[in-house]
Amino acid sequence: MPHFPRSIAHLDMDAFYASVELLRYPHLRGQPVVVGGRRATANESGQNFPRLRDYVGRGVITTSSYEARALGVHSGMGLMKAAQLAPDALLLPADFDAYRHYSRLFKAAVREIAPEVEDRGIDEIYIDLTALNPDGSCDGARAVALHLQQAVMGATGLSCSLGVAPNKLLAKLCSDLEKPAGIAVVPADDIPARIWPLPAKRINGIGPKAAARLDTLGIHTIGELAAAAPEWLQEHFGERYGIWLHRAAHGDDERPVVTYSEPKSLSRETTFERDLHPQQDKAELSGHFTRLCEQLAQDLARKGYVGKTIGLKLRFDNFHTVTRDQTLPAPTGEAVLIRRAAGECAKRVLLDRRIRLLGVRVASLSRRDAIPEHTAPKPIQAELFA
């Protein structure tokens, strides 16, 4: 009988951002819904969201409901292009504060049952279920996965899908097999039947360039990749990546579930609906800048960190991107000090073009409770877009 030497799950929330919005506006269920952009507005009952056909701008889709996906609309697609495919889809603005709230809820619910969790983003986690499935059976793995699925639904009202496999690489592939609200349990013996027919680009670690190269070489599925000689893959992709491709296609992955790691930095950034001029749009830029610093300070406080290095990121209308940073005398988590330090960084940038993207970063992090209160840095006078 197939069994798991390790039981590793990948839990992926189903159409996460769109699903959170549908909790707020349940009357939109069953309709094609797109989340993205910043111009979409509605009255308090959510009755007047615009249709995608009415959108004008360069925003991109953050996520879409499964009804919208059936029309060819997917995350990362430009909203103008999506409007051609699904003109009647409803456009909702993104609310990342709400998404982070529900992210914390579902992860807390999982940790109550299975504490060995690796956080991989706002809507996905890896979970080591080995201790909860000691006999390594498929039935045991499915029972634990169902328990987790029910706990997430109970805590959030949202559905998720899980893949359970002997390792992280396979688990991530499997979590997408039965979406939405599905559970896929795939032991090593089932790799030829369940995994090899999938497109090679589905393997996490095969990006668009590598996938295109594989296509030109006649390799389209994971099974075809598994059948390729390791030496041939090394010849075309280099020694290290060629070996990895061969191992990945055979479902070989020994990476552990990493339950904790210290972040190196925290950041916030925003891409504007229209390019903003440093002088003509100073007030609007200042508002965006203040909000980013306040949100970043809230992130630091929630996670319990302060930082010494403050960074600024600017992308101009010609897509040229510049970054500058400044190291403070002592760590801070205060929005006003983050803003002032980022303003000092801006003095080292020639602001002669319209700005497309603005970002702020705090690095060189320390635990807040390890820093004495009296070490707060002195205020810096210069401010960006003040």
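Predicted model: local features only at pLDDT ≥ 70, side-chain atom pairs only at ≥ 80, totals over all residues.

A: Residues are numbered from 1 along each chain as its sequence is written, and side-chain values use heavy atoms, with hydrogens and water left out.

Now to the helix itself. Helix α11 spans residues 239-249, and its buried residues are Gly 242, Leu 245, Ala 248 and Ala 249. Helices (H or I, at least four residues) and strands (E, at least two) are DSSP runs, numbered from the N terminus. Buried means under 20% relative accessible area, exposed over 50%, and partly exposed in between, with a 1.4 Å probe and protein chains only. Looking down the axis of α11, the buried residues fall within an arc of 130 degrees, so they line one face of the helix; the arc is that of the directions from the helix axis to the C-beta atoms. An α-helix has 3.6 residues a turn, so residues three or four places apart point the same way. On the face of α11 turned away from the buried side sit the exposed residues Glu 239 and Arg 240.

Just after α11 comes Gly 251, with a positive phi of about 70 degrees. Gly 251 and Pro 192 are 59 residues apart in sequence, yet their C-alpha atoms are 9.8 Å apart in space. Pro 192 belongs to helix α7 (residues 191-195) and counts as partly exposed because its relative accessibility is 41%.

One of the covering helices leads us to a pocket. Helix α6 (168-174) supplies at least two residues of the lining of the second largest pocket, as do β1 (8-13), α1 (16-24), β3 and α2 (66-69). That pocket holds about 730 Å³ of space. Of the 25 residues that line it, the closest to its centre are Asp 12, Ser 75, Lys 172, Asp 176 and Arg 202. On a 1 Å grid over the protein atoms alone, a pocket is an open set of points where a 1.4 Å probe fits, with protein on both sides within 12 Å along at least five of seven lines; lining residues have an atom within 4 Å of a point. Grid points are joined across faces, edges and corners, and a volume is the space filled by probe spheres set on the points.
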